[in-house]
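Let's take a walk through a protein together. Keep the sequence and the 3D view open as you read.

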Amino acid sequence: MHPVPDDRTVRLVRDAQRGDTLAMAELLDLLAPYVGRVCASIALDQGADAAQEALVTVFKSLRTLKDPLAVHGWVRAVAVREAIRTAHRAARTVPADLSTLPARGDPQLSADIRDVLDRLSPEHRAVLMLRDVEGLDERTAAALLGVRTGTVKSRLHRARDTFRKAWTS
């Protein structure tokens with residue numbers, strides 16, 4: 001979870017909401033590294049594209065944010081949604097090349113975390129990131145993803161199980 005934003009961040013949000021373009025630019029610069037990390041962990045190779053789209057959404061929709069103190073949670077929600085959307089769009093346009101996957105029992109498999117993450121769906125990567133990296137509880141992750149708590153629990157179980165099996169094979 002993110003800490004409460006400092007006074008500077010709250011001031012930037014308020015000024016940007018009032019149309020101050022310099023404040024908006026400074027706020028986007030401040031948020032960009034976090035958005036990039038969230039998007040990269042879910043959208044993988046398309047993380048930069050997802051982050052760009054998320055920042056555009058933040059730019060266009062910042063005036064809808066009612067509480068400047070909630071900026072980090074709101075930005076995280078925007079980034080997660082955009083990363084999942086981007087990963088799905090990329091998966092539809094790029095056919096899977098199964099010949100590049102390591103064979104079962106290949107010793108290189110256990111050393112390649114990226115390959116294991118590539119095998120998970122964007123939804124599973126999102127749940128892993130929100131729970132295991134961000135440290136959110138199931139209810140908060142469910143609200144952020146727009147699904148039921150039980151769905152988060154089952155996705156997390158499947159994601160961890162798939163990751164574990166791929167990692168140890």
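**A helix on the inside**

Start with helix H6, residues 122–133: 9 of its 12 residues are buried, so this helix is largely enclosed by the rest of the structure. Bear in mind as you look that this is a predicted model. Which residues of H6 are the buried ones? They are Pro122, His124, Arg125, Ala126, Val127, Leu128, Met129, Leu130 and Arg131. In an α-helix there are 3.6 residues a turn, so residues three or four places apart point the same way. After H6 comes Gly135, and its phi is positive, near 75°.

Now turn to another helix, H3, which spans residues 47–61 and contains Asp49. Is Asp49 buried or exposed? Its relative accessible area is 53%, and because exposed means over 50%, Asp49 counts as exposed.

Finally, step back to view the whole protein. Its secondary structure consists of 8 helices and 0 strands, so if you follow the chain from the N terminus, the elements read α-α-α-α-α-α-α-α. Of the 169 residues, 40% count as buried. Among the contacts with a separation of 6 or more, 67% are between residues 24 or more positions apart.

Terms used
Residues numbered from 1 in each chain as written. Predicted model: local features only at pLDDT ≥ 70, side-chain atom pairs only at ≥ 80, totals over all residues. Heavy atoms only, no water. Buried < 20%, exposed > 50% of the residue type's maximum accessible area, 1.4 Å probe, protein only. Helix = DSSP H or I, 4+ residues; strand = E, 2+ residues; numbered from the N terminus. Contact = heavy atoms within 4.5 Å.
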